[in-house]
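Visitor: I want to learn how to read a model like this one. Please walk me through some of its features.

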Amino acid sequence: MSDSRLGEAAHFAFARHETFAPRFGWLHKAYMQVKRDQGAFLADDAPVLFGVGKNMVHAMRYWSRAFKLTREHSPAQRAQAKFSYPTWEARWLLDEDGADPYLEENGSLWLLHWWLVSSRPGAKSHAPAWYTAFHLAPFSRFTTADMTQVVTRHVNFSYNRSPEEASIVRDIDCITKMYARSAPEKAGSPGSYEDLLACPFRDLDLLTFVGTRGKPEWQFTSGHRTSLPTRVLAYACLDYAAKFSRQAASISVARLANEPGSPGRAFRVRENEIVMALQKVAADHPQLNVTEAVGQRSLTFTADPFELAWEVLDEQYDFVTRRPGFPTREEWAATFPKLAEAEQKELATKATDAADTTEMLFAEETA
């Protein structure tokens, strides 16, 4: 039986990171440049603007898009080049007066991880290998060959074209570089410090190296996430619920913990941890409640879960949206009208149109 979950959740995009995992400072630098000039990534002097090599410019462009911090769209009708437009979420997080422009808090890294591997209509994932690894892979311990085989299988089920196997391998290598230290290191050791400089997402400890030099293997960790703020976890739960309903409703904790695409799979947390986080947040938000009936626990909400999610997340960062001059979503959209056009274009695209979508969304552009 065909499994099209990957095609419904993620665009066809492989090895667009140029083998570079996201590095410290890249996302803030990219946001500040595209806020000023939406064609910055395509400029002849882009390596000078961003202070990195040409391949790293391509990687920064990909990661900005993959983390849902930019959307890409042609600046004019019939133009082939696609400019990068900063999303409201990027403004909220990365502006100088934003929530955490330099990503100094682990909660911000957990949030970005959620944006990377989550999917909803109009905002699908741009990282299908990451989505497969966290949501669809049937194992917790794997080799590169194991994960490559699983990703390849889901790609073949979900799209009407396939990437080179080497591209999938490069994605799996990037996943392990992004989340796992190359070898076990003692906290505070020089190797550990260099790991965090190379890629701050390793500090989340979602992956651990369990193999040997002769046979490298990795394992997803699980259990209590001491660095995952309860409000960020609650935000992800409400954001996931909004995928199915934008009205007052409920969703079972079992779904939030175990369903492909859910926070439980993305963060590798269990039902009890989700319940504790939701109960703690619900104590301060009367629109939320954790109920139990016939042995099943559920999160109930009396308003649009998407709006409630942002209320909870904004509170985590001392109410960024209440700061003087902070734009509403509508005001930001008026500043960058191409954002809405890009979203509508994505909403009109069906998973079965994967090949055409790839050409439309991911063609290599030149200035």
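Guide: Start with the buried residues of helix 4: Met56, Val57, Ala59, Met60, Arg61, Tyr62, Trp63, Ser64, Arg65 and Ala66. Buried means under 20% relative accessible area, exposed over 50%, and partly exposed in between, with a 1.4 Å probe and protein chains only. Helices (H or I, at least four residues) and strands (E, at least two) are DSSP runs, numbered from the N terminus. This is a predicted model, where local features need pLDDT of at least 70, side-chain atom pairs count only at pLDDT 80 or more, and totals for chains, interfaces and linings use all residues. Residues are numbered from 1 along each chain as its sequence is written, and side-chain values use heavy atoms, without hydrogens and water.

Visitor: Why is helix 4 said to be largely enclosed by the rest of the structure?

Guide: Because 10 of its 13 residues are buried.

Visitor: What follows helix 4?

Guide: Lys68 follows, with a positive phi near 65°.

Visitor: Which other residues have a positive phi?

Guide: Most residues other than glycine have a negative phi. Thr19 has a positive value, near 75°. Thr19 sits in the loop between helix 1 (5-9) and helix 2 (26-36). Its relative accessibility is 36%, so Thr19 counts as partly exposed. Val294 also has a positive phi, near 50°. Val294 lies in the loop between strand 7 (288-293) and strand 8 (296-301). With a relative accessible area of 88%, Val294 is exposed.

Visitor: In what order do the 3 strands of the open sheet run?

Guide: Strands of a sheet pair through backbone hydrogen bonds, either parallel or antiparallel. Here the order is 3-5-4, with antiparallel pairing. Strand 3 (141-142) and strand 4 (207-209) are the edge strands, each pairing on one side only. Two strands pair if DSSP finds at least two bridges between them. Strand 3 and strand 5 (residues 218-220) have 2 bridges, in the antiparallel sense. Phe142 stands opposite Trp218 in strand 5.

Visitor: Is Ser262 buried or exposed?

Guide: Ser262 is buried, at 0% relative accessibility. Its place is the loop between helix 12 (253-258) and helix 13 (263-267). Contact means heavy atoms within 4.5 Å. Neighbours within four places in sequence aside, Ser262 is in contact with Trp114, His135, Tyr240, Arg255, Leu256 and Ala257.
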